[in-house]
Amino acid sequence: MPEQKLGLKLSDLEDDVVVAAEAGSGRLVIVKHGGRVYALDAKCTHESGELGQGYIDNDELICSVHSGAFALESAKASENTPWVTDLRPYRTRVDGPTGEIYVEI
Ligand code: FES
């Protein structure tokens, strides 16, 4: 899969703060959590809520509109919030020397 530079560095991210980013022809949300960087689709699978306005609870991204929950690791919808379906996960890589974040699109 081709890799794209996000224009974000690891030092730009705060733990558990959701950041919206452009990648390819779409939009993603980027989250630093537990020492890792996750990238997921920016649009909720329920009623297209903006996940960039969501928040992190434990290991999940929570949609701010109707509280749909998605696992950061897999992007799968939580069985506790059956009104949402899985998001697409994206593989990320942080370049060691520069801290630049890359995502596979
Ligand atoms: S729009 Fe996200 S849970 Fe409804």
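L61 stands opposite F70, which belongs to β7. Strands here are DSSP runs of E at least two residues long, numbered from the N terminus, and two of them pair if DSSP finds at least two bridges between them. β6 covers residues 60-62, and three bridges tie this strand to β7, the two running antiparallel.

A word on the model itself: it is predicted, so to speak of a local feature takes pLDDT of at least 70, side-chain atom pairs count only at pLDDT 80 or more, and totals for chains, interfaces and linings use all residues. Residues are numbered from 1 along each chain, as its sequence is written.

## The β5-β6-β7 sheet

Those two strands sit in an open sheet of three, ordered β5-β6-β7 and paired antiparallel. β5 (55-57) and β7 (69-71) each have a single partner strand, so one side of each lacks a neighbour in the sheet. From one strand to the next, the twist averages 35 degrees (axes are lines fitted to C-alpha atoms, and angles run from 0 to 180 degrees between N-to-C directions).

## The β1-β10-β9 sheet

There's also an open three-stranded sheet with the order β1-β10-β9, again with antiparallel pairing. Its edge strands are β1 (3-9) and β9 (92-94), each pairing on one side only. Here the twist averages 25 degrees from one strand to the next.

β1 and β10 run antiparallel and are joined by four bridges. One to look for is K9, whose bridge partner in β10 is E100.

## The nonpolar core

L61 turns up again in the largest nonpolar core, which has 21 residues; L28, V29, V31, A39, L40, L51 and L61 touch the most other members. Such a core is a set of buried Ala, Val, Leu, Ile, Met, Phe, Trp, Tyr and Cys residues joined through C-beta atoms within 7 Å. β3 (26-33), β4 (36-41) and β10 (100-104) each supply at least two residues of this core, and β3 gives the most, with four.

Take L28: leaving out residues up to four places away in sequence, L28 touches A21, A23, A39, L40, D41, A42, Y90 and V103. Contact means C-beta atoms, placed from the backbone, within 7 Å.

## D16 in its loop

D16 lies in the loop between β1 and β2 (19-23). D16 counts as partly exposed, because 15 other C-beta atoms lie within 10 Å; the cut-offs are 20 or more for buried and 12 or fewer for exposed, with partly exposed in between.

Beyond its neighbours within four places in sequence, D16 is in contact with V31, H33 and I56. D16 and N58 are 42 residues apart in sequence, with 9.2 Å between their C-alpha atoms.

How values were computed. Two residues are in contact if their C-beta atoms, placed from the backbone, lie within 7 Å.
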